[in-house]
Amino acid sequence: MTTQEGKTALITGSYGGLGTQFVNIHASRGGDLILVGRNAKKLADQQKEVRRKYNVTAHIIDVDLSQPDAAQKIYDTCKKNGWTVDYLINNAGFGGQGEFIKRSMEQDMSMIAVNIETPTRLTKLFLPDFVKRGHGKVLNVSSTAAVMPGPLQAVYYATKAYVTSWSNALWREVQGTGVTVSCLMPGAMQTGFISRGDLSST
């Protein structure tokens, strides 16, 4: 098993679904954590559990990732506290179903913000630091939905198409820098994503 001791992973959407798995995998290998999400209580509970179970350092940042200043707040918090991020895992995201013309503007704009805008902003902020140091890893969570159109989930499928295309392009751009950009494309999974997106009937 590869050790991550001394490496810090910043994980968005850390307390649900895949986020929890990323946290546990990294911490079990001795890695420290910066846990990011909008529910302060869930973050605090996860921080306590991670510290107890794995004896690693875990910081928390509670922020609404649908807000345009979310990424800057996360980056500034890390800088202010002297937290060096080695791995950026853009995991947070959500979906939703319904005809495009019937879904509210707020629903779809929030989805675009969380699934596209904030990960892009976070990577825009942290990636130059990685390249300057000559090491670092970015993992963007996409979906098999990225490879096809999705009627009744039109915006969600399109957001994941963006994540995949963007990640693949960045992978090529950082070749030779010591930094990697990867994209995870899971299929349907039993996580909180389905209930949050009201997808249980699809």
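1. The largest cavity has a volume of about 50 Å³. The model is a predicted one, and the count for it comes to three cavities of 30 Å³ or more.

2. Lining the largest cavity are Gly-96, Gly-98, Glu-99, Phe-100, Arg-103, Asp-108, Met-111, Leu-152, Gln-153, Ala-154, Val-155 and Tyr-156. By class, this lining divides into six nonpolar, three polar and three charged residues.

3. Which helix gives the most to the lining of the largest cavity? Helix H5 does, with three residues. Helices H4 and H5 each supply at least two residues of that lining.

4. These two helices also pack against each other. Helix H4 covers residues 105-133 and helix H5 covers residues 154-173; their axes are 9 Å apart, at an angle of about 10°. Angles under 35 degrees count as roughly parallel, so H4 is roughly parallel to H5.

5. On the H4 side, the contact is made by Asp-108, Met-111, Ile-112, Asn-115, Ile-116, Pro-119, Thr-120 and Thr-123. On the H5 side, the residues are Val-155, Tyr-156, Thr-159, Lys-160, Tyr-162, Val-163, Trp-166 and Leu-170. The contact of H4 with H5 has ten nonpolar, four polar and two charged residues. Asp-108, Met-111, Val-155 and Tyr-156 belong to this contact and are also among the residues that line the largest cavity.

6. A separate point concerns the second largest pocket, which has a volume of about 290 Å³. It is lined by 15 residues, and those closest to its centre are His-26, Tyr-87, Ile-89, Lys-137 and Leu-139. By class, the lining of this pocket has nine nonpolar, four polar and two charged residues.

7. Which elements each supply at least two residues of the lining of the second largest pocket? They are strand S1 (8-12), helix H1 (18-28), strand S4 (87-90), strand S5 (136-141) and strand S6 (179-184).

8. How many salt bridges does a search of the whole structure find? The search finds seven.

Key
Residues are numbered from 1 along each chain as its sequence is written. This is a predicted model: local features need pLDDT of at least 70, side-chain atom pairs count only at pLDDT 80 or more; totals for chains, interfaces and linings use all residues. Side-chain values use heavy atoms; hydrogens and water are left out. Axes are lines fitted to C-alpha atoms, for helices over the stretch in contact, and angles run from 0 to 180 degrees between N-to-C directions. Helices (H or I, at least four residues) and strands (E, at least two) are DSSP runs, numbered from the N terminus. Angles under 35 degrees count as roughly parallel, over 145 as roughly antiparallel, 65 to 115 as roughly perpendicular and the rest as oblique. Contact means heavy atoms within 4.5 Å. Ala, Val, Leu, Ile, Met, Phe, Trp, Tyr, Cys and Pro count as nonpolar, Asp, Glu, Lys and Arg as charged, and the others, Gly among them, as polar. On a 1 Å grid over the protein atoms alone, a cavity is a set of points where a 1.4 Å probe fits but cannot get out, and a pocket is an open set with protein on both sides within 12 Å along at least five of seven lines; lining residues have an atom within 4 Å of a point. Grid points are joined across faces, edges and corners, and a volume is the space filled by probe spheres set on the points. A salt bridge is a side-chain nitrogen of Lys or Arg within 4 Å of a carboxyl oxygen of Asp or Glu.
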